[in-house]
Amino acid sequence: MLKKTIQVFDPKSTTVVNTTKVIKTNEEWKKELDEETYRITREKGTESPWTGKYTDFEGKGWFYCSSCKLYLFDANTKYHSGCGWPSFYDVISNKNVYTKEDNSIKGRPRVEVLCKQCDAHLGHVFKDGPKQTGLRYCINSKCIDFEEKEEQEEEEIEKEEKN
Ligand SMILES: [Zn+2]
């Protein structure tokens, strides 16, 4: 299969890096993902509100795509929207996600959010977010995983060395 190189933003090195687009058949995804994750990411499903593991989650770090591991959201932009799904007011970079018009519900046009690297459906973005951007990225917990940011205080390191 032809390999397609794309550029994405890496929050760890804060640089733009080259990566290869992840292209798999539905059969291949089915083998890799659990049933619910497959339904949401590949069939554009939605998890029930207040059921996702990251809805009320608080932690410092990055959320990455549960399908392909691309970094998508910084925990610093996560906020409590009260909508029942993990909500962010910004993405790590517009290089890492893209949006698409979604008219699957008649009379209620929405904007779908997808992973740039593997095309996983992540959720939707609405224009009722907080003042920072005015946007609310409403994301299914099943579509993301969390990586904690290792923050070592310099003072603590010095102390350890003295002991
Ligand atoms: Zn992905």
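Over residues 26-149 the chain of this predicted model is 13% helix and 32% strand. The boundaries come from UniProt, where an unreviewed entry places the feature "domain: MsrB" at residues 26-149.

The protein as a whole holds three helices and eleven strands. From the N terminus, the order of elements is β-β-α-α-β-β-β-β-β-β-β-β-β-α. The C-alpha trace spans about 65 × 40 × 30 Å along its principal axes. Of the 163 residues, 29% are buried. Contacts between residues at least 6 apart in sequence were also examined. Among these, 55% join residues at least 24 apart.

Strand E3 (residues 61-65) pairs with E11 over five bridges, in the antiparallel sense. Within this pairing, Cys65 has Ile144 of E11 as its bridge partner.

Both Cys65 and Ile144 belong to the largest nonpolar core, which has 27 residues. Together with Tyr64, Leu72, Leu122 and Ile139, they touch the most other members. At least two residues of this core come from each of E3, E4, strand E8 (110-115), strand E9 (121-126) and strand E10 (136-139). E3 gives the largest share, four residues. In soluble globular proteins, nonpolar side chains tend to be buried together.

Ile144 illustrates how the sheet and the core meet. Its contacts, leaving aside neighbours within four places in sequence, are Tyr54, Phe63, Tyr64, Cys65, Ser66, Leu72 and Ile139. Tyr64, Cys65, Leu72 and Ile139 in that list are also among the core residues that touch the most other members. Cys65 is thus linked to Ile144 both as a bridge partner and through a C-beta contact.

The loop between helix H2 (35-43) and E3 includes Lys53. Lys53 counts as partly exposed because 13 C-beta neighbours lie inside 10 Å. Lys53 and Lys142 are separated by 89 residues in sequence. In space, their C-alpha atoms are 7.9 Å apart.

Lys44 is found in the loop between H2 and E3 as well. Lys44 is not a glycine, yet its phi is positive, at about 55 degrees. Lys44 has 17 C-beta neighbours inside 10 Å and therefore counts as partly exposed. Most residues other than glycine have a negative phi.

Thr14 also has a positive phi, near 45 degrees, and is a residue other than glycine. Thr14 sits in the loop between strand E1 (5-10) and strand E2 (15-20). With 8 C-beta neighbours inside 10 Å, Thr14 counts as exposed. The cut-off for that class is 12 or fewer.

Methods. Residues are numbered from 1 along each chain as its sequence is written. This is a predicted model: local features need pLDDT of at least 70, side-chain atom pairs count only at pLDDT 80 or more; totals for chains, interfaces and linings use all residues. A residue is buried if 20 or more other C-beta atoms lie within 10 Å of its own, exposed if 12 or fewer, and partly exposed in between; C-beta atoms are placed from the backbone. Two residues are in contact if their C-beta atoms, placed from the backbone, lie within 7 Å. Two strands pair if DSSP finds at least two bridges between them. UniProt positions are given in the numbering used here, feature names are shortened, and annotations may be inferred rather than shown by experiment. A nonpolar core is a set of buried Ala, Val, Leu, Ile, Met, Phe, Trp, Tyr and Cys residues joined through C-beta atoms within 7 Å.
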